[in-house]
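I opened a new notebook page for this protein chain. My plan is to look up a few places and write down what I find.

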Amino acid sequence: MNIVTSQCKTTLLLNNAWQPINAITARAAFSHLLKGHITALDKNNNVFHSLDRWNKDAEFYEDQPVLRSAKGVWPIPTVIIVTSKFFRRPRKKKLTTLEMAKIYNFTCQYCLNKFKIADLTIDHINPKSKGGTDDHENRTLACKPCNTRKASKFPFFNVKNEPVAAPEIPALMLNTSKVREEWEYFLGSV
Ligand SMILES: [Zn+2]
């Protein structure tokens, strides 16, 4: 099948306790459905176990995402549930710069100004050169100028003369910029 799709994350993946795990692409969602690894929920929260039944009987949202191929248009489920085994939500041990930036609203933890992602860095609160680790507890968000100014000084306070700490890791970080309306019910319990 010659499938054309964008890489935007259209589908919320739930474990079999109906807890959100992550957002995945239309292509991944469709492939899981095809292989029978998941069940799909439609607009009315009816459960579908096979692609056939999904295509025939599911009711779709007005903005249901679709895959287009030479053979037709295929609706993509927007909420799917893993059936094969119990998936634990992966515990994040370390955050990327983007994840850290989202938590801190793109604000440098030293000068407390907002920056573009390209101007933000992960800073080791206690510098590695002084024995600081690369563990989450020792990482925070700094703009490039602050990171340079700080160099290997420790302790190094923010503009309010307060010590800087690592953020708490949220229970769930979705790797998507768009949250679909029907996901909110499942995300509400996180
Ligand atoms: Zn700064």
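Where is Ala 151 found? I looked it up and placed Ala 151 in the loop between H4 and H5. I note here that the model is predicted.

**Entry on backbone angles.** I checked phi at Ala 151. The angle is positive, about 45°, although Ala 151 is not a glycine. Most residues other than glycine have a negative phi, and most peptide bonds are trans.

I found Leu 112 in the loop between helix H3 (97-103) and strand E8 (120-124). Leu 112 has 14 C-beta neighbours inside 10 Å, so I wrote it down as partly exposed.

**Entry on a peptide bond.** I went back to the loop between helix H4 (144-150) and helix H5 (184-187), where Pro 155 is found. The peptide bond from Phe 154 to Pro 155 is cis, with omega near -5°.

**Entry on domains.** I looked up the domain assignment of the protein chain. Domain 1 covers 9-89 + 173-187, and domain 2 covers 93-170. How far apart do the C-alpha centres of domain 1 and domain 2 lie? I read 36 Å.

**Entry on cores.** In soluble globular proteins, nonpolar side chains tend to be buried together. I searched for such groups here. The largest nonpolar core has 17 residues. Ala 29, Phe 30, Leu 33, Ala 40 and Ile 80 touch the most other members. Two or more residues each come from strand E1 (9-14), helix H1 (26-35), strand E3 (38-41) and strand E7 (79-82). H1 gives the most to this core, with four residues.

**Entry on the chain after H5.** Which segment holds Gly 188? I found Gly 188 in the segment after H5. Gly 188 has 8 C-beta neighbours inside 10 Å, so I noted it as exposed. I also took a distance from there. The C-alpha atoms of Gly 188 and Ala 118 are separated by 31 Å, and the two residues are 70 residues apart along the chain.

Technical notes: Residues are numbered from 1 along each chain as its sequence is written. This is a predicted model: local features need pLDDT of at least 70, side-chain atom pairs count only at pLDDT 80 or more; totals for chains, interfaces and linings use all residues. Domain bounds come from an automatic or database domain assignment. A nonpolar core is a set of buried Ala, Val, Leu, Ile, Met, Phe, Trp, Tyr and Cys residues joined through C-beta atoms within 7 Å. A residue is buried if 20 or more other C-beta atoms lie within 10 Å of its own, exposed if 12 or fewer, and partly exposed in between; C-beta atoms are placed from the backbone.
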